[in-house]
Amino acid sequence: MESYLESIRKQFEYYKGLGDKTFDQLSFDELQNEIAQDANSIAIITKHLSGNMLSRWTNFLTEDGEKPSRNRNREFDDTFETKEQLLESWNTGWDCLFNAIKPLTESDLERIVYIRNEGHTVTEAINRQLAHYSYHIGQIVFLGKIFKGKDWQILSIPKGGSKAYNDKKFSEEKSRKHFTDDL
């Protein structure tokens with residue numbers, strides 16, 4: 001299970017990196033763009049993710065993951081005044097997450113933690129949050145691609161590039177590693 005802990009850390013780092021690389025390409029106006037009525041902008045998605053992270057990961061092993069101080073409804077109001085504020089919120093949420101998961105050990109994985117009074121093993125709680133965050137980061141990346149159009153800097157294998165990518169991978173010696181190790 002130690003490999004699970006290392007893998008999950010790398011997975012979270014990977015998804016944070018996708019968000020970081022998207023933010024790097026966008027202006028503050030693009031981050032605040034709501035493409036349709038009642039659609040969430042990247043800024044709103046970011047605020048929601050940060051609020052969720054702070055609630056879920058603060059005192060992760062000892063308190064319910066839905067903190068009484070969290071106001072989830074307010075997470076869907078864009079109150080950022082600058083891109084720097086948005087990035088500070090984003091990074092604060094991730095710092096909270098990494099500070100909670102880095103000290104975890106194999107013996108913690110079967111402990112029970114609560115989210116809205118529902119018990120989860122630590123493994124289940126981590127998987128729940130990874131799925132939630134990857135869902136929203138996918139939205140962030142997709143919106144970024146829409147806003148940048150032909151100027152978008154690809155974050156994965158480019159269209160039409162699968163053969164070249166696979167040829168490179170299969171030309172290397174087989175090895176055991178995480179897919180993010182070469183990113």
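Guide: Let us start with K168, whose side chain forms a salt bridge with E172, the closest N and O atoms being 2.8 Å apart. A salt bridge here is a side-chain nitrogen of Lys or Arg within 4 Å of a carboxyl oxygen of Asp or Glu. This is a predicted model, where local features need pLDDT of at least 70 and side-chain atom pairs count only at pLDDT 80 or more, while totals for chains, interfaces and linings use all residues. Residues are numbered from 1 along each chain as its sequence is written, and side-chain values use heavy atoms, leaving out hydrogens and water.

Back to our pair: K168 is partly exposed, with a relative accessible area of 49%, and E172 is partly exposed too, at 32%. (Buried means under 20% relative accessible area, exposed over 50%, and partly exposed in between, with a 1.4 Å probe and protein chains only.)

Searching the whole structure gives 14 salt bridges. In one of them, the side chains of R56 and E66 meet at 2.7 Å, N to O. R56 lies in helix 3 (residues 42-57) and E66 in the loop between helix 3 and helix 4 (83-101), so the pair ties together parts that are 10 residues apart in sequence. Helices are DSSP runs (H or I, at least four residues), numbered from the N terminus. R56 is buried, with a relative accessible area of 4%.

E66 also forms a salt bridge with R70, with the closest N and O atoms 2.9 Å apart. R70 is buried, at 13% relative accessible area. Finally, a network of salt bridges links R56, E66, R70, E75 and R116.

Notes:
Helix = DSSP H or I, 4+ residues; strand = E, 2+ residues; numbered from the N terminus.
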